[in-house]
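I opened this entry to keep track of what I looked up. My notes follow in the order I made them.

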Amino acid sequence: MLSSVLRSCTLRPLRTLARASRIRPCVAFNKVTPYSSLSAQDNHPSPVSTRSTVIQLLNNIGSKREVEQYLSHFTSVQSQQFAVIKVGGAIITEHLDTLASSLAFLNHVGLFPVVVHGAGPQLNKMLEAAGVEPQFEDGIRVTDGKTLALARQLFLDENLKLVEALEKMGVRARPITSGVFQAEYLDQKKYDLVGRITKVDKTPIEAAIKAGCLPVLTSTAETAEGQLLNVNADVAAGELARSLQPLKIVYLSEKGGLFNGETNEKISTINLDEEYEHLMSQWWCRYGTRLKIKEIKDLLDGLPRSSSVAIIATEDLQKELFTDTGAGTLIRRGYKLEAKTSLKEFPDRSKLQEVLFKAKGDSGQYLTKLQTTPFKAYADEPLDVLAIVFPGESGRPAVLDTFTSTKAGWLGNVADNVFNAVKREYSKLVWKVQQSDENLGWHFDKAQGSFLHDGQVLFWYGAESPEEVRGLINHFVELPVAENNIGSVTGIKQQARAFSTARRPALPQRTKMGVRGFASVTNPNPPMGQNNASNQKASRVALIGARGYTGQALISLINSHPKFELTNVSSRELAGKKLEGYNKGGKEIIYQNLQVEDIRRMEENNEIDCWVMALPNGVCKPFVDAVDEVGSGKSVIVDLSADYRFNDKWTYGLPELITRSKLAKATRIANPGCYATAAQLAIAPLVPYLAGEPSIFGVSGYSGAGTKPSPKNDVEQLTGNLMPYSLTGHIHELEIGTQLGATVAFIPHVAVWFQGIHHTINIPLNKEMTSRDIRNLYQDRYAGERLIKVVGEAPLVKNISGKHGVEIGGFGVHSSGKRVVICATIDNLLKGAATQCLQNMNLSLGYGEYEGIPLN
């Protein structure tokens with residue numbers, strides 16, 4: 001009985017569409033005047049009155065049934081077993097009022113979450129101010145005596161700050177800064193004063209709650225002899241949970257959850273027993289995301305199945321705890337799915353009969369059918385979801401004869417998991433659903449096609465021809481309901497769609513101006529921002545060929561990047577000299593002249609996370625081969641030359657045009673050329689409308705000619721001059737055409753300015769278009785791109801110098817409507833080289849795409 005109650009209290013929706021009518025708007029909890037003003041009044045309301053007021057406010061984010069259900073559930077256990085909430089230091093600094101308001105809500109409905117907080121960001125800032133350089137080993141802060149002394153005072157200050165904020169809101173809070181965590185040295189020689197928790201004393205927590213106080217703990221521990229030790233706050237929260245065994249463990253996160261790196265969508269629910277292995281096999285599940293899921297699995301494996309972990313934003317705490325829809329990412333053990341081919345394999349026959357009775361009405365008759373008909377059933381252990389499939393014969397699709405789910409199954413992602421298990425085994429499937437079914441939208445999403453007839457909807461996937469579809473529909477329509485052998489899937493009654501079709505037509509693209517004349521797709525390849533970051537650790541970078549302009553620009557960007565650490569720079573000409581322009585960590589870096597043997601040794605010792613090859617064309621192959629020969633596959637290589645831009649084994653690194661998830665998986669990335677980057681971005685949206693070969697008149701500042709003296713970077717020769725070169729067959733001409741899938745003519749020139757490129761591009765069109773049509777195409781295609789700016793006028797090269805993006809404009813259309821001239825500008829050293837390299841490094845190493853890139 002208790003387990004079923006618990007399951008119903010850790011729910012998630014599969015589709016918000018199906019339940020939109022039942023989800024009420026969320027109130028802004030940090031701005032709720034009726035509540036926050038209560039403690040400021042001279043005449044404090046009674047606890048009963050306060051509880052009633054807060055429950056009314058909670059009803060604004062969910063139904064009365066939801067709120068009462070969760071309150072009943074959370075108060076059914078001892079107070080300390082409600083929730084452990086881990087608060088990061090950044091939350092206290094940036095979201096203190098919201099945090100205090102959220103915790104006050106919980107307290108005033110009689111709940112006592114146990115709060116444990118860290119102070120990592122504040123400690124880094126304090127150490128920097130005190131002239132102490134932070135040291136990390138394997139992601140763990142090395143803590144000497146001076147660091148620990150500063151940390152102890154900081155923890156006390158931050159703890160008091162949170163306690164005072166709570167007390168201002170009428171919440172009695174008790175600071176607990178010692179006496180809970182006992183520890184031994186983790187590795188004193190390596191980490192110094194860092195502890196591994198060996199024991200948790202619940203007494204101070206229980207005493208605080210008994211006295212009506214909300215306990216607020218710091219993440220420090222003591223040895224048996226009384227020595228203070230530093231402990232990671234996540235680790236402390238985990239050990240606290242193992243001891244208290246709460247219903248909920250909550251990690252407050254600025255991101256508000258975990259994100260799927262392929263779809264960029266927040267993951268609503270993870271059922272570990274069923275989904276863990278699949279998640280671990282996904283390319284995007286790596287670095288910090290992978291470590292977090294693994295740590296949570298280790299934690300939940302040692303807790304009751306009723307416990308769950310939530311990763312949420314501070315302002316969503318109430319919505320997460322008191323509504324079925326939740327707000328962040330819910331992680332629980334769930335149940336592993338099982339496939340059965342015989343009734344004997346069901347351990348609880350009476351439970352099966354109960355489920356089938358609800359699904360079919362006559363469970364006895366249906367059980368008799370299953371005894372004589374081959375079937376395969378898929379279900380979780382408590383039978384929250386049950387699917388029964390009759391295999392197809394003679395090439396016919398299999399029939400999903402029964403698909404039934406409790407509400408917990410629908411909302412908890414179990415129904416999705418069961419259907420995916422069916423789909424993995426059956427390439428063709430057909431099923432029918434009542435038109436009034438609540439979850440009809442979910443079935444539409446699962447199907448290739450559908451057909452409505454007489455109050456029922458036929459769904460299918462895997463049909464390979466119109467004839468096959470026609471046969472399925474005819475069979476469905478012609479047979480009376482009593483004889484139709486396609487079982488009806490059951491669900492909860494709700495409104496239905498008005499019609500269904502074999503293929504739903506795409507909706508026309510619209511803007512504020514009305515219907516557009518040309519197909520336009522809003523950015524199909526959106527940026528992977530900070531929400532998609534999966535790596536919290538620093539990455540070690542080696543720059544090979546650091547003398548050139550691009551190398552210097554990249555050094556400057558790495559110097560301001562919060563996660564990149566430049567460990568080695570190699571230049572034959574500058575070997576032995578001090579690297580200028582890099583001061584991160586106060587370390588002095590000396591130029592080296594690294595040889596192939598050095599590269600191989602460093603790769604074997606796993607010293608480098610990312611190699612950047614900033615060498616002239618035709619030079620870097622021996623260095624790349626040295627990394628490849630080690631065969632560890634751990635490090636990333638980004639090559640800035642043209643050597644690998646036409647190699648199918650490498651990924652071409654133009655994030656705005658190449659699928660970003662592909663770049664996120666890549667370990668060998670060919671950075672595009674500067675001319676080629678701007679030209680491709682300026683032409684790509686019009687490729688479907690090309691009537692011939694675009695002509696690109698490109699002009700670059702002389703930094704594009706490199707540092708080696710030549711006429712193309714001789715200022716005297718360039719003054720008052722425009723110098724054409726490589727009039728046909730320039731390497732970028734081939735690069736642009738290869739990537740766009742269309743031939744182009746490219747004529748490069750060099751001018752007297754130092755950096756920046758201007759393209760004037762003539763593009764013949766296969767149909768008449770207006771300037772507005774074309775500009776709209778570009779604005780839609782590059783929607784959300786932080787490094788591309790679509791403008792009306794032709795952009796000027798003087799405005800792009802020193803900037804990290806591309807400007808595209810002009811859009812001058814000939815009077816025939818069949819030719820357009822587009823202009824584009826780019827800084828050849830930045831977005832044309834170093835900035836784009838940083839984008840590619842970020843994506844491949846698991847950081848937000850724009851991390852470390854100035855976006856102003």
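I count a residue as buried when its relative accessible area is under 20%. The model is a predicted one.

Thr-143. I found this residue in the loop between strand S4 (140-141) and helix H9 (145-168). Its relative accessible area is 1%, so Thr-143 is buried. Leaving aside residues up to four places away in sequence, I listed what Thr-143 touches: Leu-148, Tyr-191, Asp-192, Leu-193, Val-194 and Asn-230.

Sheet. I traced an open sheet of six strands, paired in parallel, in the order S26-S25-S27-S28-S30-S29. Strand S26 (564-570) and strand S29 (651-652) are its edges, each pairing on one side only. I then looked at S25 (residues 539-544), which runs parallel to S26 and is joined to S26 by six bridges. Ser-539 stands opposite Phe-564 in S26.

Aromatic pairs. My search of the whole structure gave 13 of them. One is Trp-431 with Tyr-461, edge-to-face, at 6.3 Å centre to centre and 65° between the planes. Trp-431 is in strand S19 (residues 429-434) and Tyr-461 in strand S21 (residues 456-461), 30 residues apart. I noted both Trp-431 and Tyr-461 as buried. For Tyr-778 and Phe-811, the ring centres are 5.3 Å apart and the planes are at 65°, so I noted this pair as edge-to-face too. Tyr-778 belongs to helix H29 (residues 771-781) and Phe-811 to strand S36 (residues 806-813), 33 residues apart. Tyr-778 is buried at 0% relative accessibility, and Phe-811 is buried at 3%.

Lysines over rings. I found Lys-297 over the face of Tyr-276, 5.1 Å from the ring centre. Lys-340 lies over the face of Phe-346, at 5.4 Å from the ring centre.

Key:
Residues are numbered from 1 along each chain as its sequence is written. This is a predicted model: local features need pLDDT of at least 70, side-chain atom pairs count only at pLDDT 80 or more; totals for chains, interfaces and linings use all residues. Side-chain values use heavy atoms; hydrogens and water are left out. Two strands pair if DSSP finds at least two bridges between them. Helices (H or I, at least four residues) and strands (E, at least two) are DSSP runs, numbered from the N terminus. Buried means under 20% relative accessible area, exposed over 50%, partly exposed in between (1.4 Å probe, protein chains only). Contact means heavy atoms within 4.5 Å. Rings of Phe, Tyr and Trp (its six-membered ring) pair if their centres lie within 6.5 Å; planes under 30 degrees apart count as stacked, over 60 as edge-to-face and the rest as tilted. A charge sits over a ring if NZ of Lys or CZ of Arg is within 6 Å of the ring centre and within 35 degrees of the ring normal.
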